[in-house]
There are 2 protein chains.
Amino acid sequence: MSTRGETGRRADAVRNRQLALQAATALLAQPGTALTVEAIATKAGLGAATVVRAFGGKDALLDAAVSGLLEPVVRRARALLEQTAAEDALRTFLAELIAFQSAHHAISDQLGDLDLPATTAQRAELVRNVEEMITRARADGAIRTDLSPAVVTTLIGQAAYAVARARPASRELADACVTVLMDGLRPQRRVR
Amino acid sequence: MSTRGETGRRADAVRNRQLALQAATALLAQPGTALTVEAIATKAGLGAATVVRAFGGKDALLDAAVSGLLEPVVRRARALLEQTAAEDALRTFLAELIAFQSAHHAISDQLGDLDLPATTAQRAELVRNVEEMITRARADGAIRTDLSPAVVTTLIGQAAYAVARARPASRELADACVTVLMDGLRPQRRVR
DNA sequence: ACGATAACTGAAATGCACGTTCCAGTTAGA
DNA sequence: TCTAACTGGAACGTGCATTTCAGTTATCGT
């Protein structure tokens, strides 16, 4: 009888695949390190060739690692959208997004020229969810209507990225970003 | 009689230095192209070795090119600070900074790991000027005082960077950034 | 249990894209 | 005209992902 996993891979290959994924995930949260195949392999206690082969290439490995990290974020956005008033959902999600990105600098920092299909798809879903939050918050009269939801979504995404990128990471800056953005997004009284 | 420039360099060397600088500057404004020595040399119609030698290295060449581009921006910040009410200066400068960065994606995009002393110094001066604008606008009662000037400065810098980075570059997004940020920075009435 | 064997491993080789340096030839300039 | 300065194609060094291949090991049929 076969002891092979359902992929048909040998048990040690499956285990090494896990090790590689864990090592890559760990390095994504650790700033300053170079995120090379060599570094990942060392962290995993494997040879570089093994790490690469396990996923068919560096891109696929990092795609798996990043999208694994992103999955709870996507789920959280969906949950907030269902269970919370739109404005609160938006504020909460923005704060959490900044925190997530701050804890994983490398995600937006060193992955520029890689091809990450799963990650891209998840990003797209995040954008869809945020856009829905904005549309609903608009309908509630909670945010201004003189800016298109698409633009506001981009603004929020870029803001989260930018603030997370700032070094040293600072809680004060993150809070300021949320505060200023949310206040700035409220319907403005015509003043002056 | 000597026809040498005051640097003691031969005339063709001086001219080639100029060509290299112009080519590098041109490439900084042109997105998509890799900012390699080879690319700069081709654009300048020179050999790669000549381009590198003219400045002693790629870093020095790009430092010269970037700080050349940044110089008018720095001057503009000084001028705004002297001649304009702080709040207006801040709004105007933010808009112009976004426009500048949008027109020179590569500056914040591909120069991450290079050593650019002149550029760094100019950035520091920009930060000082923006911080002064904020301090004055605060004193005028034009912006909120519950956030430290340093944090607001970082926020503005990062926002400009982030919005300029968004592709496709959009005037609408740039305007939205200025609007939301400036509205969010105003003293907020205690609402609700 | 026990080979037989296909799958797997990782050190070393390969390939590639850079920046930089060399050097034989060219040219500006006194 | 003579020579020191300059040029640029080619060679080199580096850092990387990926492939190769001789050796190892898990798995299966017996």
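**Entry 1: the two domains of chain A**

I began with the area buried between domain 1 of chain A and domain 2 of chain A, and found about 1300 Å², with carbon and sulfur atoms giving 75% of it. Of the area that domain 1 of chain A buries against domain 2 of chain A, 46% comes from A:Leu28, A:Leu35 and A:Phe55, more than from any other three residues. Buried area here is the accessible area (1.4 Å probe) that two parts lose on being put together, summed over both.

A note on what I am looking at: this is a predicted model, where local features need pLDDT of at least 70 and side-chain atom pairs count only at pLDDT 80 or more, while totals for chains, interfaces and linings use all residues. Residues are numbered from 1 along each chain as its sequence is written, chains are lettered from A and ligands numbered from 1 in the order in which they are written, and side-chain values use heavy atoms, with hydrogens and water left out.

I then looked up the bounds: domain 1 of chain A covers 1-56 and domain 2 covers 58-185, as set by an automatic or database domain assignment. Their centres, taken over C-alpha atoms, are 28 Å apart. I found 15 residues of domain 1 of chain A in contact with 15 residues of domain 2 of chain A, contact meaning heavy atoms within 4.5 Å.

**Entry 2: the fold of chain A**

I get nine helices and zero strands for chain A. Both are DSSP runs numbered from the N terminus, helices being H or I with at least four residues and strands E with at least two. The C-alpha atoms of chain A fill a box of roughly 75 × 40 × 25 Å along the principal axes.

**Entry 3: chain B against chain A**

How many residues does each chain bring to the contact? I found 27 from chain B and 28 from chain A. The two chains bury about 2400 Å² between them, 65% of it on carbon and sulfur atoms. B:Leu155, B:Gln158 and B:Val180 supply 21% of the area that chain B buries against chain A, more than any other three residues. I find two salt bridges across this interface. A:Asp183 forms a salt bridge with B:Arg144, with the closest N and O atoms 2.9 Å apart.

**Entry 4: enclosed space**

I found three cavities of 30 Å³ or more. On a 1 Å grid over the protein atoms alone, a cavity is a set of points where a 1.4 Å probe fits but cannot get out, and lining residues have an atom within 4 Å of a point. Points are joined across faces, edges and corners, and the volume is the space filled by probe spheres set on them.

The largest cavity holds about 130 Å³. Its lining has 15 residues, with A:Ala159, A:Leu181, B:Ala159, B:Cys177 and B:Leu181 nearest the centre. Helix 8 (149-165) and helix 9 (171-185) of chain A, and helix 8 (149-165) and helix 9 (171-185) of chain B, each give two or more residues to that lining.

The second largest cavity holds about 50 Å³. Among the residues lining the second largest cavity are A:His104, A:His105, A:Asp109 and A:Arg165. Helix 6 (105-109) and helix 8 of chain A each supply at least two residues of this lining.

How values were computed. 1 Å grid on protein atoms, 1.4 Å probe; cavity = no way out; pocket = protein on both sides within 12 Å on 5 of 7 lines; lining within 4 Å. Salt bridge = Lys/Arg side-chain N within 4 Å of Asp/Glu carboxyl O.
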